[in-house]
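Please read the following account with the sequence and the model side by side. It goes through selected parts of two chains in turn.

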Amino acid sequence: MTPPTLQVRNLRTHFFTRAGVVKAVDDVSFTVDRGKVLGLVGESGSGKSVTGFSILGLVDPPGRIAGGQILFKGQDLAGLSEEAMRQLRGNRIAMIFQDPMMTLNPVLRIDTQMIETVLAHEKVSREEARQRARDALGQVGIPSPEERLRAYPHQFSGGMRQRVAIAIALLHKPDLIVADEPTTALDVTIQGQILAEAQKLCADFGTALIWITHDLSVVAGLADDIAVMYAGKVVEQGPVTQVLDQPLHPYTVGLIGSVPSRNKRGEPLRQIPGMTPSLLNLPAGCAFRARCPRAEARCAEPPPMAEYRPGRHARCIHPYEEAVAA
Amino acid sequence: MTVFLLRRLIQAAAVVLAMSLLVFLGVYAIGDPVEILISPEADQIERERAIQALGLDLPLWQQYLVFLGNALRGDLGRSFVFNEPALQLILQRMPATLELAVGATVAALIIGLPLGLYAGLRPNSTLSKGIMAGSILGFSLPTFWVGLMLIMVFAVQLGWLPSTGRGETVEVLGMRWSFLTANGLAHMVMPAINLSLFKISLVIRLTRAGVRETMLMDYVKFARAKGLSPTRITMVHVFKNILIPVVTVVGLEFGGTIAFSVVTESVFAWPGMGKLIIDSINVLDRPVMVAYLMIIVLMFITINLIVDITYSLLDPRVRLEGKA
């Protein structure tokens, strides 16, 4: 049996700051297989981006991976040397960033930025690299790619720049793409196009995709599985339709309830009271306790991750057992 | 581009005109050259004749108009002291100052960029802290003192380098240059280092700040995510971005280096424009002072133009257009 594309086991990424240890990612586990999409969902500061950067080995000091395994096709990335990691990055594992206005270097032409990516991993001629770059641009739906290659990033719109970033990620047909909120900064229409593009990709090349977002509606249409993060921990995970239809964890329920389009007209919008706790001094026990409508004395003990239904895990001692009308 | 250049030319003309008026008034206010130039024993008739010969008997506004009229024909007056055209006097000394300033700027870039890059990439290492402390010294030590120390150590104690003058020169394009002969180059080393000390510190600090800022940008992280080697990220992605502020500041500084090389030229008896202007101020040689200042103004305008054009080459987002 071939190992899954990516298997993250008990990953801990901590930031050792002067004010104390920030447990940005604390005991996170999930699996993504060939051609599958995992939606990593959570509020700002829940640790979803840091999880993504950990997989690519791009956590900047004072942060570092403090424990756990990142098994990429069976090989543990957490223990790899920087040079071995560099050879994987952009080659077998690619990443797409949140803000397309910032990810491309403003003073370098598109062709420079694409060709260097090809040459970083393969010994081919510049001409061949250029051809690959042009094909990749065409693949993500950029019209007249030959001309656009000679353009600078500021000559593109935000959506186009994100397409270029995706094209760069595709250059080596990676096994895994980590997409960190790639559509958050874009128009809805462009967002739709990019999502369709991503879906097609996974189907065509069998690429595994981790789609980091705070937008549940994006995940609903795109992902196969979902992992909901809160304060550095995965609080619930499972197949996307099941989790969204029958959430177990009160936080997931609150998150789904916060989507405005699910609200009845005229009723006040629902929201989760309070705000995410500071990662510097998390309360003991369940981090969501202070905002949870079902919190009780037992929640002061850290809740274990438990399988409540087949394939459905949650980190809560009293999950919603029956379907809640969210 | 053409519209841009045309606009800049008109702006430049206006600046030159305004400056000429200011310079003329300012120089007039410094003192009366008659007192210095004409011997105290001269009688009234001799004085009158001298004053008339120098054109100093006319009212100020007429003197200015005469000056302006002559200037338009390329005549900035004759030196009271040397009795030579002021422009020619200055142009003769310009190569010496220019090669010194260029030498200092090149030294600043060659030394400052690598040190700044290192300090920016490894901000916590001991060497970086040493570099930064050194750059504070470069900023704060007075030029003349450093010049004297250099002479004491390298010329007097060690005897490695000559302390004064330009040494042998070669004539190229009708001007005499030192940097083309070994002897002249040896003469240039100390003054150029002396003049560049401040600029080296400036380049170090600019580069370091630029690197620190750029390293945090998303595009650097994206470049790492693409699997590029650290060398490529630093030398292409980071370096090209930090060149923008460095070119701007060093370019603008270049005018200042020429204008204020006075101190270095005096210390090393370097026969450049700076030394000439100091001598001229001492004897209130008005035409030379005015001509010198006008040339400096022109030089600043030209340098700014070159900086703008270089800037547009480095930063594709800047396009030179007629719009302000």
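**A walk through the model**

B:Thr105 counts as buried because its relative accessibility is 9%; buried means under 20% relative accessible area, exposed over 50% and partly exposed in between, with a 1.4 Å probe and protein chains only. B:Thr105 is placed in helix α5 (residues 86–121) of chain B. Helices (H or I, at least four residues) and strands (E, at least two) are DSSP runs, numbered from the N terminus. Apart from neighbours within four places in sequence, B:Thr105 is in contact with B:Lys199, B:Val250 and B:Phe254, where contact means heavy atoms within 4.5 Å.

This is a predicted model, in which local features need pLDDT of at least 70 and side-chain atom pairs count only at pLDDT 80 or more, while totals for chains, interfaces and linings use all residues. Residues are numbered from 1 along each chain as its sequence is written, chains are lettered from A and ligands numbered from 1 in the order in which they are written, and side-chain values use heavy atoms, with hydrogens and water left out.

Two helix contacts in chain B involve helix α8. Helix α6 (residues 126–140) of chain B packs against helix α8 (residues 182–215) of chain B at an angle of about 140°, and their axes are 8 Å apart. Axes are lines fitted to C-alpha atoms, for helices over the stretch in contact, and angles run from 0 to 180 degrees between N-to-C directions. α6(B) and α8(B) are therefore oblique to each other: angles under 35 degrees count as roughly parallel, over 145 as roughly antiparallel, 65 to 115 as roughly perpendicular and the rest as oblique. On the α6(B) side, the residues that meet α8(B) include B:Ile131, B:Met132 and B:Phe139, and their counterparts in α8(B) include B:Leu197, B:Phe198 and B:Arg208. By class, the residues of this contact are eight nonpolar, three polar and two charged. Ala, Val, Leu, Ile, Met, Phe, Trp, Tyr, Cys and Pro count as nonpolar, Asp, Glu, Lys and Arg as charged, and the others, Gly among them, as polar.

Helix α7 (residues 143–157) of chain B also meets α8(B): the two axes come within 10 Å and cross at roughly 145°. From α8(B), the contact is made by B:Met190, B:Asn194 and B:Leu197, and the residues of α7(B) include B:Val146, B:Leu150 and B:Phe154. This contact of α7(B) with α8(B) has seven nonpolar, three polar and no charged residues.

An open sheet of four strands runs in the order β2-β1-β4-β5 (chain A), with antiparallel pairing; two strands pair if DSSP finds at least two bridges between them. The edge strands, β2 (20–32) and β5 of chain A, each pair on one side only. Strand β1 (residues 6–17) of chain A and strand β4 (residues 63–72) of chain A are joined by eight bridges, and A:Phe15 has A:Gly63 in β4(A) as its bridge partner. β4(A) and β5(A) form a hairpin with two residues between them, and A:Lys73 in the turn has a positive phi of about 50°. Helix α1 (residues 48–56) of chain A lies across β1, β2 and β4 of chain A, at about 105° to β1(A).

Further along chain A, A:His172 sits in the loop between α7 (158–170) and β7 (176–180). A:His172 counts as buried because its relative accessibility is 5%.
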